[in-house]
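Subject: Handover of a structure and notes on its contents

Dear colleague,

Please find the structure below, handed over for your records. My notes on it follow directly after.

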Amino acid sequence: MKTQRAGYGLFAALIALTLLICAAIIATFAVTGPDHGQPAPAGAAAGPGTDPAAGPGTAGPAGTRPGGATARAVDTGGWAGTWSAAPGEAGTGPAGPHSVRNVVHTSLGGDQARITLSNLFGTEPLRVAHASIAVAAASDGASVVPGTLREVLFAGRPSAIVPPGGHVVGDPAPLPVPQDGHLLVTLHVPASGPAGTVTLHERASQTSYLGPGDRTSDTDGSAFTHRTSAWHHLTAVDVHNPAARGAVVAIGDSLTDGAGSTPDTDRRWTDHLADRLHAGRWGYGVLNLGIGGNRLLQDGIGPSGLSRFERDVLDRSGARVVVIELGINDIIRPPRPADPAAITAGLRTLTEQARAKGLRVVGTTLMPFEGHRRHTPELEAVREEVNQAVRAGRVFDDVIDFDRAVRDPYAPDRLLPAYDSGDHLHPNDAGYAQLARSVDLAVLIGERSAARL
């Protein structure tokens with residue numbers, strides 16, 4: 001009897017030990033989560049023909065396929081993109097010494113920040129005498145939160161010369177970067193080149209500021225007497241955040257750039273997507289590489305999607321997922337219409353390039369535009385053929401159906417009036433919010449696949 005009781009005691013002890021081990025394993029996984037890798041540190045300055053935001057590619061070896069798992073990524077040192085803008089075109093800067101205070105909206109917080117400056121379209125070297133970064137005191141002003149202004153150095157020096165066609169990445173600056181906040185990146189340019197040519201992102205849906213002389217250390221905005229709707233020279237802000245899982249990079253046209261949304265309110269669909277990812281604690285930054293009027297196949301308003309994809313998307317810091325929203329301008333802008341087979345082939349080319357870098361690729365359907373001045377039945381047929389191929393799973397790893405999200409159910413070739421900005425092509429604030437709501441976050445990052453439609 002004593003032996004039997006001892007056996008029962010030993011058996012009970014083994015069960016208890018097993019339960020403790022299981023509980024420890026579950027607790028550990030709940031705290032750390034699966035291994036998603038980390039974003040890579042920024043690269044050094046680069047010469048003509050390149051403008052990556054952060055040096056070498058950031059993702060692991062194998063890309064995903066439809067229905068596949070999340071793309072793997074290598075350790076990238078805790079860096080990920082929080083904001084970006086595609087260099088869209090050449091512009092004319094102020095003739096004399098001046099400072100530009102770029103206002104940018106963050107999607108991810110961190111404890112350090114670094115910037116990327118571009119001279120992609122410049123014909124002369126871009127000379128930056130001083131630079132600073134700070135947390136904005138208000139989303140619609142040029143004043144700094146006290147105690148947050150930091151000098152930006154370049155390889156330990158306060159100045160930088162960016163060659164024509166090139167870029168430079170600043171040194172990391174210690175700064176508590178807020179998530180879903182605003183930063184002020186101020187650059188003092190002693191003078192523009194002979195022709196005043198600068199690299200801009202026009203139609204930013206965000207007001208930035210210009211002032212005379214060196215205003216990089218100003219904490220109030222009173223000296224910034226001129227407003228601009230373009231971002232000057234600045235193409236990326238990365239943050240150091242070891243808990244971040246990476247960045248979602250969206251390439252597109254004006255529908256991604258935010259045309260039709262209210263300026264200075266951060267209501268692009270990518271902003272709403274960043275809010276949803278933040279609320280769900282997914283740990284991703286969202287980078288917007290939209291250019292208004294941009295085409296997939298041909299240069300025009302900005303370099304084509306095919307020609308800018310590597311620079312603007314694949315080399316972004318911490319890139320894990322690519323969202324592609326391109327093709328409508330290939331249909332509605334001359335020469336038109338593009339062959340639907342050429343559009344889908346171009347989209348597949350982007351998908352293959354991203355997969356080669358180990359990135360997951362999610363594409364959108366093309367949204368309706370009946371009622372727009374360029375709409376014709378012939379162009380509508382091209383849009384529908386492209387959408388059919390996208391929905392059938394013949395182009396991307398997975399699909400976000402923007403078309404179904406905002407179309408009028410009683411007139412499916414049109415935007416629902418409640419989502420129409422008025423031109424029958426671009427959504428309004430409510431429409432952009434609806435686009436973001438239509439994104440299944442688990443499908444976006446590859447935890448499950450969308451049903452084929």
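Predicted model: local features only at pLDDT ≥ 70, side-chain atom pairs only at ≥ 80, totals over all residues.

Overall composition

The chain contains 10 helices and 23 strands. Of its 453 residues, 56% are buried. The chain exposes about 17700 Å², and carbon and sulfur atoms supply 57% of that area. Among the contacts between residues at least 6 apart in sequence, 80% join residues at least 24 apart.

Helix α4 and its surroundings

Helix α4 spans residues 305-314 and helix α6 spans residues 340-356; their axes come within 10 Å and cross at roughly 25°. Because of that angle, α4 is roughly parallel to α6. The contact involves Gly305, Leu306, Phe309 and Leu314 on the α4 side, and Gly346, Thr349, Leu350, Gln353 and Ala354 on the α6 side. The crossing of the two helices is right-handed.

Helix α4 is largely enclosed by the rest of the structure, because seven of its 10 residues are buried. These buried residues are Gly305, Arg308, Phe309, Arg311, Asp312, Val313 and Leu314.

In sequence, Glu310 and Leu350 are 40 residues apart, while in space their C-alpha atoms are 9.0 Å apart. Leu350 is itself one of the α6 residues that make the contact with α4.

- With strand β16 (residues 234-240), β4 runs antiparallel and is joined by six bridges. Thr116 stands opposite Ala236 in β16.
- With strand β10 (residues 173-177), β4 runs antiparallel and is joined by three bridges. The bridge partner of Gly110 in β10 is Val177.
- With strand β9 (residues 167-169), β4 runs antiparallel and is joined by three bridges. The bridge partner of Leu117 in β9 is Val168.

A three-stranded open sheet

Three strands form an open sheet in the order β2-β12-β15, with antiparallel pairing. Its edge strands are β2 (89-92) and β15 (231-232), each of which pairs on one side only. Strand β12 (residues 197-201) is joined to β15 by two bridges, and the two run antiparallel. Leu200 stands opposite His232 in β15.

Backbone details in the loops

The loop between β12 and β13 (208-212) holds Ser205. Phi of Ser205 is near 55°, a positive value in a residue other than glycine. At 15% relative accessibility, Ser205 counts as buried.

Arg281 lies in the loop between α3 (269-279) and β18. Its phi is also positive, at about 55°, although Arg281 is not a glycine. With a relative accessible area of 78%, Arg281 is exposed.

Which kind of peptide bond leads from Pro334 to Pro335? The bond is cis, with omega near -10°. Pro335 lies in the loop between α5 (328-332) and α6.

Summary of the elements described

| Element | Finding |
|---|---|
| α4 | Seven of its 10 residues are buried |
| α4 and α6 | Right-handed crossing at roughly 25° |
| β2-β12-β15 | Open sheet with antiparallel pairing |
| Pro334 to Pro335 | Cis peptide bond |

With kind regards

Methods
Residues numbered from 1 in each chain as written. Heavy atoms only, no water. Helix = DSSP H or I, 4+ residues; strand = E, 2+ residues; numbered from the N terminus. Buried < 20%, exposed > 50% of the residue type's maximum accessible area, 1.4 Å probe, protein only. Contact = heavy atoms within 4.5 Å. Areas by Shrake-Rupley, 256 points an atom, 1.4 Å probe, with all protein chains shown as cover. Pairing = 2+ DSSP bridges. Axes fitted to C-alpha atoms, helices over the stretch in contact; angles between N-to-C directions. Parallel < 35°, antiparallel > 145°, perpendicular 65-115°, else oblique. Left-handed = near helix turned anticlockwise from the far one by under 90°.
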